Amino acid sequence: MVALGAGLRIRQWSAGRSFWLDEILLLRAMGEQRFGQLLEPLNLSQSAPPGWLAIQHVVVGLSGGDERWSRLLPLLLGIGALVVTVPLARLLLGGPAALAATALVAVSPPLIRYSDEFKQYSSDAFWVPLVLLAGCRFALTDQRRRRDWAFLAGSTALAVWFSHAGTLVAAGVLAALGLVTVARRRWRELLPLAAAAGPFAAGLAVDWVTLLSRNTDNAVLRDYWAAAFPEPGPVTWPVALDWLAGRATSVATNPVGLRYGWPLLVLLLAGLLVLGLRRPAALPVLLLPVAVVAAAGLARSYPIANRLALWLVPMVAVVVAATVDLPALVAGTVARPRLVRVPAVALAALLSLAALSTLAVLVRPQASTTLTYLRHPRTQEDIRTVLAALAPQRRPGDLILIDGRSAGWGVGFYGPRFDLGPVQAIVGAPSAPACAGEPVGEQLRESGAYPRVWLVVVHTLPPDQRLYQAQLATFGPLRTRIGAVGAQADLYVRSPAPMPAPDPPPRHCARIVPAVLS
């Protein structure tokens with residue numbers, strides 16, 4: 001299963017797909033950041049852990065921004081998340097259940113996807129199970145050796161610098177271990193445990209003062225993730241419960257990707273029951289970190305939504321897969337007296353069938369998506385392919401227009417590779433009488449300055465794209481369309497005679513400005 005999961009991730013990475021907007025923004029922000037500014041917030045409202053950024057600065061500097069090399073660290077961390085799941089699952093589960101957990105992580109489309117993206121989300125998926133592994137080993141070991149203490153101290157201390165989610169989870173793990181130690185009345189272990197938590201606490205203090213607190217106060221980031229936070233106002237119990245229910249539903253769909261909420265909830269509860277019976281000391285180590293992250297979300301400090309919750313996927317896989325152990329647990333505890341052996345075995349068989357059937361129903365859509373990725377590696381906003389096809393068709397005197405709100409990033413990054421020449425931008429203007437006038441296309445046709453106009457759009461919503469096309473329809477007929485996933489270039493040829501207004505006519509005012517290629 002590890003080999004299968006690694007192969008699926010390498011398959012995506014080897015395709016070397018085009019960077020999309022979010023990746024380009026992070027690349028540009030890193031380009032403006034000196035190595036000595038790792039503990040300062042990034043520009044362009046980007047955010048990434050300083051340790052992850054430090055390694056990526058070196059990789060990007062050596063590779064020159066090559067797509068595959070730039071995504072090498074996310075790939076290695078994505079494979080590492082799969083590898084770490086194995087000892088974590090073996091520690092908590094029986095053999096078949098551990099295999100099921102590994103399989104769920106191996107074929108998870110979100111984990112495969114973000115192992116091939118120039119963002120830090122695969123780092124979250126690696127460090128969280130690693131910290132959980134350290135915490136569970138510590139909680140389940142009576143005679144702790146130096147390497148157990150070192151593993152706990154090292155994993156939690158490093159998580160601060162490589163994963164924002166890992167920082168919160170590490171805090172929850174250390175708090176859980178403290179509670180377990182107090183519950184067992186092992187007072188002598190409290191001081192060594194505090195010493196093991198010392199590097200984490202020191203790193204968190206530095207990271208919070210220099211970086212995390214300023215990212216939390218970033219208005220753009222807060223507005224972008226506003227839907228993942230409770231509504232403005234006091235956080236009462238009804239508000240908190242409603243928010244938690246909404247976050248659970250959202251995360252179950254993306255990134256966990258397991259549909260059908262009630263069966264998933266039943267599997268989660270059954271899995272927690274099995275873990276509570278098999279490994280009771282590990283249960284608080286698994287649950288308290290989730291509570292810490294939820295508290296951060298309620299405090300509007302950490303959004304629990306889609307890719308920022310990717311770290312939950314290995315955890316959910318382990319808990320859900322624990323249900324595979326339920327039949328053996330029932331047979332082992334109930335079937336001791338001879339008279340109830342047959343009913344117990346029958347019950348175990350039914351539970352096994354129910355658990356495996358539910359898992360199959362939940363995982364089937366994921367497996368279908370993964371097979372699609374295997375046949376056709378995923379692409380997103382393939383502006384590189386569009387510009388590569390446009391460049392040889394461009395003639396002297398052609399005007400290249402881009403969507404002035406978003407296309408500048410992709411065209412600015414890839415344009416120099418294909419020597420596109422001057423580029424201008426078409427932008428919307430406020431709907432005011434002062435800007436009411438002829439459509440941009442009609443102005444260009446009447447000026448006679450350009451025989452042909454290319455309209456390049458990427459990361460543009462369909463309604464806006466239709467508005468831009470309506471503006472250019474008055475310039476002349478559409479002759480050529482170069483299309484790729486999430487990007488497109490349309491060629492309009494100037495018409496000598498006036499063109500009829502499109503139906504419906506362009507109702508917004510637009511203008512052409514020199515493009516600022518970022």
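A crossing of two helices is called left-handed if the near helix is turned anticlockwise from the far one by less than a right angle, and right-handed if clockwise. In this predicted model, local features need pLDDT of at least 70 and side-chain atom pairs count only at pLDDT 80 or more, whereas totals for chains, interfaces and linings use all residues. Residues are numbered from 1 along each chain as its sequence is written, and side-chain values use heavy atoms, with hydrogens and water left out.

The crossing of α6 and α16 is right-handed. The contact (heavy atoms within 4.5 Å) involves Ala97, Ala100, Ala101, Leu104 and Val105 of α6, together with Pro314, Ala317, Val318, Val320 and Ala321 of α16.

The whole structure holds 14 salt bridges, each defined as a side-chain nitrogen of Lys or Arg within 4 Å of a carboxyl oxygen of Asp or Glu.

| Salt bridge | N to O distance |
|---|---|
| Arginine 384 and glutamate 67 | 3.2 Å |
| Glutamate 189 and arginine 144 | 2.6 Å |
| Glutamate 189 and arginine 186 | 3.8 Å |

Accessibility is described here as buried (under 20% relative accessible area), exposed (over 50%) or partly exposed (in between), with a 1.4 Å probe and protein chains only. Glutamate 67 is buried at 5% relative accessible area. Glutamate 189 is buried at 17% and arginine 144 is buried at 16%, while arginine 186, at 25%, is partly exposed. Elsewhere, salt bridges that share partners join Arg17, Glu23, Arg71, Asp116 and Glu117 into one network.

Key: Helices (H or I, at least four residues) and strands (E, at least two) are DSSP runs, numbered from the N terminus.
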